[in-house]
Amino acid sequence: MTADPAWLRQYTPDRSTAPAVEHHDALSMFRAAVARAPERAAIHYFDGTLSYAELDARSDALASALIADGVQHGDRVALLLQNVPAFVVGLIAAWKAGAIAVSLNPMNRERELRLLFEDCRPKLVITHPETFIEAVQPALAEQPTVQVLTTFARDDQTRNDARVLGALPAQAPPCPGTRALAEVIARHRGQRPPPVRFGADDIALLVYTSGTTGLPKGAMNRHGNVAFTAQVYRDWIGLSEADGVLGIAPLFHITGLIGHVALAFLLAAPLTLSYRFEPGVMLDALAERRPAFTIGAITALIALMNHRSAQRDALSSLKAIYSGGAPIAPAVVAAFEAKFGLYVRNAYGLTETTSPATLCPVHLRAPVDPAFGALSVGVPTYGTEIRIVDAETGAPVADGEAGEITIRGPQVVAGYWNRPEATTDAIRTGWLHTGDIGVLDGDGWLYLVDRKKDMINAAGYKVWPREVEDVLYTHPAVREAAVVGVPDAYRGETVKAVLSLKAGAEATSEAIIAHCRARMAAYKVPRLVEFMPELPKTVTGKILRRELRGNG
């Protein structure tokens, strides 16, 4: 690292620039929590609670079952689950069996899951019954040997909050060809898997990201990456074992995996889960469980702020609250602080950086970018370097000049699963080339100027235009399709489709949206549809997306 980089001036004197790493793998973090506080609550799920000892026992039983079913070291175990205790049990059990956990979005549809399953080739999938019926079963049609365990979201609690669980049936629907997770755990209760040891470079997680191409890529998050970034959260914010964590972000997302699950393990603290985000439910969880920390998309924090039951003291248990995924307008942070008396600090990271690469220090307020008006996304975290380079030449640019953000540090992933060329393109001589455009000022503050050239960031979810365009082209009336992100006051960006139709064909916006909704996750579906006789193109025939962002 260069001598005395500017961002070190923003650290507090009592914070080491590179704290000693306490654990070299994620499983060791969990085992240490069990040894230190076996009877302490590990998970709160509505009115249900699982202790660390119970979490250890369940994951032992499940890992024993996985091994009995043929799961071997390096095999993949896929988790398609909402924020339920079974996600955490499955994650730990996969590691105890020596496997790699694959966290997948349960909102994915059959077409999307088929691509992901073909890539990671899971040995076993854990999912909800309704997700199995609607998407997993048809997606696994060409992989009939994959085993499936199902878990019902109403398990492990009795409150059955209608706001998030009301759409589910009273009993889990039958899923022929699958086994119930609870029954498998009960059958193997008391069994312990053979000891497994991981090195820091062993792969802990495959977390899929579109990255810089339109096809899904599995970022290989190593055990050392997970242990390091969990410790970054703890040490940066100053959290202790008395400080619970609120699970606002989806656990399948890198933010939830590290800023919720891994952090709770490191602290030996409780993680509060509520199936999925619903602002009223989250406010109730804050009042009931009194967590000390959370991190989530700014849209989720806005929803908390605007909820009719939100009171001034609703977030009083939180020591700190962070938001990541997109720049935040100063007016939003001001309104949030006026409402709750709590200042929202920003973070910046990617799946490829195993969550945070920058964080706003807890003792400072983020400066505002004078050119673009957004708050800084923080300064580089411990042991992390950020360099802004010319996007074309790769040469470093001067402080205050815009360029591509590149990152080097202990949190950068090993690469992409089965994608050696994509890995070589993204990680060069140890530097991750993010494709994001940013500015690093003379004091070490990073400002995110723009997203990747065409990537759409809708409420923290990344949408690659080509994937949506591929679906649009399956509509019989569509001749040409282009998808762009356009500003949205609530979601940051929203998905817009611009289409030209085949001669004599007809289609409505509603029909186009319905066509997409049946084939992809809801956050990818265009919210806006515009029809044009001809889409603008370059002389070589390439559609000019930049000209479409200002239309409509």
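**Close-up 1. E241 and R40 pair across distant parts of the chain.** In this predicted model, the side chains of E241 and R40 meet in a salt bridge, with N and O 3.6 Å apart. A salt bridge here is a side-chain nitrogen of Lys or Arg within 4 Å of a carboxyl oxygen of Asp or Glu. The two partners are 201 residues apart. E241 lies in the loop between α8 (223-237) and β10 (245-246). R40 lies in the loop between α1 (26-36) and β1 (41-45). Helices (H or I, at least four residues) and strands (E, at least two) are DSSP runs, numbered from the N terminus. E241 is partly exposed, at 38% relative accessibility. R40 is also partly exposed, with a relative accessible area of 26%. Buried means under 20% relative accessible area, exposed means over 50%, and partly exposed is in between (1.4 Å probe, protein chains only).

**Close-up 2. D161 forms a salt bridge with R163.** The closest N and O atoms are 2.6 Å apart. D161 is buried, with a relative accessible area of 11%. R163 is partly exposed, at 36%. Side chains of opposite charge can pair when their charged atoms come close.

**Close-up 3. D235 and R234 form a salt bridge.** Their closest N and O atoms are 2.7 Å apart. D235 is buried, with a relative accessible area of 17%. R234 is buried too, at 14%. The salt-bridge count for the model comes to 30.

Close-up 4. A314 counts as buried, at 15% relative accessibility. A314 and L283 are 31 residues apart in sequence. Their C-alpha atoms are 6.6 Å apart in space.

**Notes for the close-ups.** Residues are numbered from 1 along each chain as its sequence is written, and side-chain values use heavy atoms, with hydrogens and water left out. Because the model is predicted, local features need pLDDT of at least 70 and side-chain atom pairs count only at pLDDT 80 or more, while totals for chains, interfaces and linings use all residues.
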